[in-house]
Every structure is written in structure tokens, then in C-alpha cells.
There are 2 protein chains.
Amino acid sequence: LVFLILFIIGYLCFGALIFEILEQPVEDKLIQELKAHRVNFLTENSCVTDEELEVFIKEVVSAANRGVSAVNNVTMTDANWSFGQALFFAATVLTTIGYGRVTPLSDGGKGFCIIYAVIGIPLTLILFTALVERLMVPAKYFLLFLYRKLGHIYKIFHIQLLHLGIILGTFILLFILIPAAIFAVLEPKWNYLDSFYYCFISLTTIGLGDYIPGDSANQHYRAIYKLSTTAYLLIGLVMLMTVLAVVYEIPELNLGFHF
Amino acid sequence: LVFLILFIIGYLCFGALIFEILEQPVEDKLIQELKAHRVNFLTENSCVTDEELEVFIKEVVSAANRGVSAVNNVTMTDANWSFGQALFFAATVLTTIGYGRVTPLSDGGKGFCIIYAVIGIPLTLILFTALVERLMVPAKYFLLFLYRKLGHIYKIFHIQLLHLGIILGTFILLFILIPAAIFAVLEPKWNYLDSFYYCFISLTTIGLGDYIPGDSANQHYRAIYKLSTTAYLLIGLVMLMTVLAVVYEIPELNLGFHF
């Protein structure tokens, strides 16, 4: 156990170091560009003083961090708290994804969010667990089928691994690779890595929220799009939990026993 | 099961409606204020055209959404991807909290983040599960102690509930109420609700990221502060999982059986 704790601490430091090495220069470049834009803006518009601009930028940045953009056409067309958006937000809270690009601003909203989550997260977990149990029935039939077909050639453990491999492969194909391709086509600014990264970060419930489908300007059918994404996330999470349940069924893979 | 599915869908719609009612007016007000600021800025600085300002704001907002602020003193003093910040980020990825105020910007960073999570999240879960198992030993001794003292007066189920109540109460006091009070003191702009909301949203791993400790300007000892917060989150999550394990030990509370 002590070894595992030390390993995780080491792994955290290792991750921090790599992220620092990879991201620090990109961030520095972004900061430099932004400063250049600022200086440019000030020289081109000589009537604006640095202080006035600073005050204005502070307002714009603080609003942007709360999910409200000061760009004209964006604020005009779509509210963050329309019903479709609010439903998407509610689903991300109950699944603990929590993107956080849109967040409650009012005290009432924060308080309701806490109560809503206290009741809703356990219920969602109960539903997901019940669904996984149902899905495990065909998964086990498929394992028995493999036993019958291959039992005389291979060891049980190898057939279990093959079974896991087929289910995991199907999951990755249907719930990561294909959705990622769809998002890459639908989202104007996402390349395939961005879409893949979005699907992965969402289904692990990390939910960083740097990429969220349907948040670009000029997108059509946003309500249906948000609703489809919500359905994708809910079904995808159940499927991921089913894959994990298949892993748990293989005693050799239960590393937890060693600690 | 069908009833549970319909209930969750209804609960999602109910949540969406309440969030819409609570948040829409606050958001509208924020948008109106921001527009007024914009108009004000344009009239006070008549040399700036609307188009020039729009282009500039677009840059500022897009940078703000990627965690980089165009406010002068902020960008000067602290980088997002210093080692301490990167460590905090790594810990929020492994616990699937994922605040997302700071996110990888480079393709390399996104790719590394995926691989890092694939390896690290299962390891973290194994560690947490092992720690919870250890913590369940004293929790069970405490339950036996309660049985011995109260077994002749109360029913088993009631003693189990008392046991759960004491453990849950201690958890809420030590890992929500007291940390929230500390954050409310340390963070210049957080009231007690904000701090409570932060602790709750983090320990449920929703991690919206609208409130993150140590991100205000002019804070001292930021590295130690971020490190303490990381330790608080890791320990708090293990404790929450222990409370949940105590709940699982009481068969009467296992609602999942009914579906």
C-alpha cells in the first residue's frame, strides 16, 4: 500500500513535469500574442488609455470566466440557460462530468445545484448499475458461446481476454472513434484529435469543458444537437461501466488484491 | 427499471426548468451590464470603431476561455503551467474532478492527457479502494462498540443508522464545513456559500471549476496553498468513499435491489 501511495505521488509529479514542459511554451506564446494584440490596439486607437482598457478587459474576462461572452453576435443569438442548455447542464451534474463552461451564477442556482446533485447522483448511479446488470446478461452469453467454440483449444484466461478485447474494441469503435468522427464533421473548429479528446474526457467524467459540442456560433438545430450529445454521454457512460464490469469478472486482472 | 429511467428523465427536465428559471434572469442581467460597459467604452473612446473593438474582444474572450487572462498584472505574475499548477491539474485529472479552468492547449498536451488518464485513473481507483478497505476496519470496530453498548435497547438497523449518522456527520464537519470556513477566510471574493459549493462540487468530482482556490491575484504562498488543496481533495475523496462503503453495508439502504 505504501508503495502504491508513493507510486501515485511519483506519477502525479511525473505528470506535472510533462504537462509543464508541453504546455508552458504554448501558454507563453498565447500570452505574448495577447499582449501584442493589446499593445497594437492601444497604438492604433491612441485615444484609449491603458487604464481604461484594463478596466474594460477585466469586465470582459470576468464575464467570459462565467460563461458570458462580450462578442456581439454570440450574446445576441443564444442564451446559456435556455431549456436545452439547462438540460445538458443538469445531465453533466448528475453524471459528475461537470464541464463548467456554463455554471450557476446566482446563490439560488448554486444552492439548488447542491441539493439537486445530492439526490440525483445516487439515483443516476443506481440506474446505471441496474442497466449494467442487464447488459451483463448478453455479455455473459457471449462469453459462454466463446467457451463452447474455443474451450478445447485455448485456456479459460485467454478466452476471457479475447472476450474483453472484443467488447472493449466494440466500445471504443462505437462510443469513441465513430462519435469522434461525427463531432469532427459537425464542429467547425475541431480536428479529429480534438473530437477524440472530447469523447475521452467526457466518458471518463473528467469533463474539462475546453471542448463542448454545439457551442460555436451559427450552428443549426442546437437543441437537437445538445439533446443527442446528452443521450450519447448517458449511453456511453453505461457502456463504459459495462466494459469495466467485464474487467472485474476476470480475477487475474484484479490488481487491487495485491495491496 | 423503466420507471427509474422515466423518473431520471423527468428529474433531468425538472432540474433544467429550475436552473432556467433561476439562472436566465441573472445571465440576462450580466449580458445587459456587459453590453452597457461596451457601449460606454465606445462613447468614452470615440476613436475606437465597433468593428475594431469586436475583433479585440474576440481575442480576449477566446484567450479567457483557454485560461489565459488579458488583464495586465495577472499575466505578469503567475503562469498557469508552473509545476505547482500542473500538479494540481494532474491530480484533478486522475480523480476525474477536471475543473477545466486550465486545460492543455497543445496537441501533445491533449494526447499526453489521454494516455496519462488511461493509466492513472484505474491506479488511483485501486489506491482509493485499498485505503477505504483499511478505513473500514476502525469503522466496523466502532459499529461493534455501538452494538455492545446499545444492542439491548435498540434494533440492529437503528444502531446501523446511528453509526452511519455519526460517520456522515463527522465527514461533513471535517471535510465540508470546516474546509469551507477555511476557504471563505483565505479567498478574498468567496462567501461561505461559495466555499461550501466549492467543497461539494469538488468532492462529488463534478468539478465545475467556477471556483478554484488560489487563483486570485495577489495571493501569497500559492504553491503551498495549491498543494494543501490537492491533499484536501485526495483525502476528502477517500473519506467520502468510506462513508459510501458504510452505506453499502446496510442492506435496507440498498435501493438498487428494487430495480
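Visitor: Which residues have the most contacts inside the largest nonpolar core?

Guide: This is a predicted model, in which local features need pLDDT of at least 70, side-chain atom pairs count only at pLDDT 80 or more, and totals for chains, interfaces and linings use all residues. Residues are numbered from 1 along each chain as its sequence is written, chains are lettered from A in the order in which they are written, and side-chain values use heavy atoms, without hydrogens and water. A nonpolar core is a set of buried (under 20% relative accessible area, 1.4 Å probe, protein chains only) Ala, Val, Leu, Ile, Met, Phe, Trp, Tyr and Cys residues joined through side-chain atoms within 4.5 Å. The largest one has 116 residues, and those with the most contacts inside it are Tyr198(A) and Tyr198(B).

Visitor: Which residues does a second, separate core include?

Guide: This core has 30 residues. Among them are Ile31(A), Phe56(A), Val48(B) and Ala63(B).

Visitor: How much area do chain B and chain A bury between them?

Guide: The size of an interface is often given as the accessible area lost when the parts come together. Here that loss is computed with a 1.4 Å probe and summed over both parts. Of the area buried between chain B and chain A, 75% is on carbon and sulfur atoms, and the total is about 10,500 Å².

Visitor: Which helix gives the largest share of the side of chain B that touches chain A?

Guide: In contact (heavy atoms within 4.5 Å) with 113 residues of chain A are 113 residues of chain B. The residues on the chain B side divide into 71 nonpolar, 25 polar and 17 charged. The largest share, 27 residues, comes from helix 1 of chain B.

Visitor: What is the distance between the closest N and O atoms in the salt bridge of Lys110(B) with Asp194(A)?

Guide: A salt bridge needs a side-chain nitrogen of Lys or Arg within 4 Å of a carboxyl oxygen of Asp or Glu. The count between chain B and chain A is two. For Lys110(B) and Asp194(A), the closest N and O atoms are apart by 2.6 Å.

Visitor: Is Thr205(A) buried or exposed?

Guide: Thr205(A) sits in the loop between helix 7 (192-203) and helix 8 (222-248) of chain A. Leaving aside neighbours within four places in sequence, its contacts include Leu237(A), Thr96(B) and Thr205(B). Because its relative accessibility is 13%, Thr205(A) counts as buried.

Terms used
Buried area = accessible area lost by both parts, 1.4 Å probe. Helix = DSSP H or I, 4+ residues; strand = E, 2+ residues; numbered from the N terminus. Nonpolar A, V, L, I, M, F, W, Y, C, P; charged D, E, K, R; others polar. Buried < 20%, exposed > 50% of the residue type's maximum accessible area, 1.4 Å probe, protein only.
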